[in-house]
Amino acid sequence: MPVVQPSPRRLRTVALIGIDGSGKTTQARLLAAELSRSGLPATYHQNAGGRRWFGRLAERFGRDDAQDLLGRRLMLLVESVLRWLAIARALLRRVRSGDVAVMDRYAACQYASLRARGRGRAGERLARVAYSVFPRPDVTFLLAVRPEVAWQRVETRGYDHEDLGDLRAADAAYRDLPEHAHVVVVDANGTLDEVAAAIRGHLAAYLPAAQPLPRQRPAVSGVLAAPALADYASAVTPLAQAAA
Ligand SMILES: Nc1ncnc2c1ncn2[C@@H]1O[C@H](COP(=O)(O)OP(=O)(O)OP(=O)(O)O)[C@@H](O)[C@H]1O
Ligand SMILES: [Mg+2]
């Protein structure tokens, strides 16, 4: 009797959320590339809130950062609006292209930002009304990383700075969100390959059986093997260019 393979579940949207420096952009780019290679065309979407762009503008005006330039409340408003527009555009593009949308940040990131930086919950309540038009992603990965590790990664990245206290507040905010009950928490303290493997493992049910995601190359003594490093380099090069 022929064995009937269960058809894979349909994957439309995957979101990666987590504090700054947790590795969202790195992993989202890798994931979009790997899904595409394995037969599920996927597109990376950076759902930025403009904080970095305004941060660069702030430097030109001799200010510390975006918040110092616009003020806390205005920056949170601008960030909420820009992120809403970015997510809306990404979802529209997904409908048009049919690709899996790999979201680098999603609505929960804005709720966490408002909790960590705001005073009171009025802003979050408003944001929740506005963002409620967006569907919950099929899978949301929370990249859970120790704030100290994230801080060090941001410093090593070299094009911006984070305050360790802010990272701790953001970490607490993510854990406290009601969305936390629906996310897949991934230990993001490990190597690039370890984090990527954990993410892939949770997506197995969505993949065509005949075309599993390419296996990650093993890390050699804690150092990435060369092909994985090449993947990593191709993932971060556009970032470095964007930051230039
Ligand atoms: N697992 C990892 N191990 C070591 N370094 C990593 C790992 N993941 C990412 N990095 C590096 O840490 C830095 C931060 O990663 P990345 O930019 O992907 O984080 P992010 O969550 O997108 O941050 P942000 O919220 O500020 O955009 C980058 O320089 C990246 O190369
Ligand atoms: Mg990023």
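Helices α1 (24-37), α7 (147-157) and α9 (192-202) each give at least two residues to the shell around ligand 1. Helices here are DSSP runs (H or I, at least four residues), numbered from the N terminus. The model is predicted: local features need pLDDT of at least 70, side-chain atom pairs count only at pLDDT 80 or more, and totals for chains, interfaces and linings use all residues. Residues are numbered from 1 along each chain as its sequence is written, while chains are lettered from A and ligands numbered from 1 in the order in which they are written.

The shell around ligand 1 holds 15 residues. A residue belongs if its C-beta atom, placed from the backbone, lies within 6 Å of the ligand. The closest are Gly 23, Thr 25, Thr 26, Arg 153 and Arg 157. By class, the shell has three nonpolar, eight polar and four charged residues. Ala, Val, Leu, Ile, Met, Phe, Trp, Tyr, Cys and Pro count as nonpolar, Asp, Glu, Lys and Arg as charged, and the others, Gly among them, as polar.

Next come two helix pairs. Two packed helices are described by the angle between their axes and the distance between the axes. Axes are lines fitted to C-alpha atoms, for helices over the stretch in contact, and angles run from 0 to 180 degrees between N-to-C directions.

| Pair | Angle | Axis distance |
|---|---|---|
| α1 and α9 | roughly 55 degrees | within 11 Å |
| α5 and α6 | about 170 degrees | 9 Å |

The α5 (107-117) and α6 (122-131) angle makes α5 roughly antiparallel to α6 (over 145 degrees). Residues are in contact if their C-beta atoms, placed from the backbone, lie within 7 Å. Ala 107, Gln 110, Tyr 111, Leu 114 and Arg 115 of α5 make the contact with Gly 123, Glu 124, Ala 127, Arg 128 and Tyr 131 of α6. Five of these residues are nonpolar, two polar and three charged.

Thr 26, Gln 27, Leu 30 and Leu 31 of α1 meet Leu 192, Val 195, Ala 196 and Ile 199 of α9. This contact has six nonpolar, two polar and no charged residues.

Phe 54 sits in helix α2 (residues 51-60). Phe 54 counts as buried because 22 C-beta neighbours lie inside 10 Å, and the cut-off is 20 or more. Beyond neighbours within four places in sequence, Phe 54 contacts Ala 66, Leu 69, Leu 70 and Met 75. Phe 54 and Ala 66 are twelve residues apart in sequence, yet 4.9 Å apart in space, C-alpha to C-alpha.

Conventions. Angles under 35 degrees count as roughly parallel, over 145 as roughly antiparallel, 65 to 115 as roughly perpendicular and the rest as oblique. Two residues are in contact if their C-beta atoms, placed from the backbone, lie within 7 Å. A residue is buried if 20 or more other C-beta atoms lie within 10 Å of its own, exposed if 12 or fewer, and partly exposed in between; C-beta atoms are placed from the backbone.
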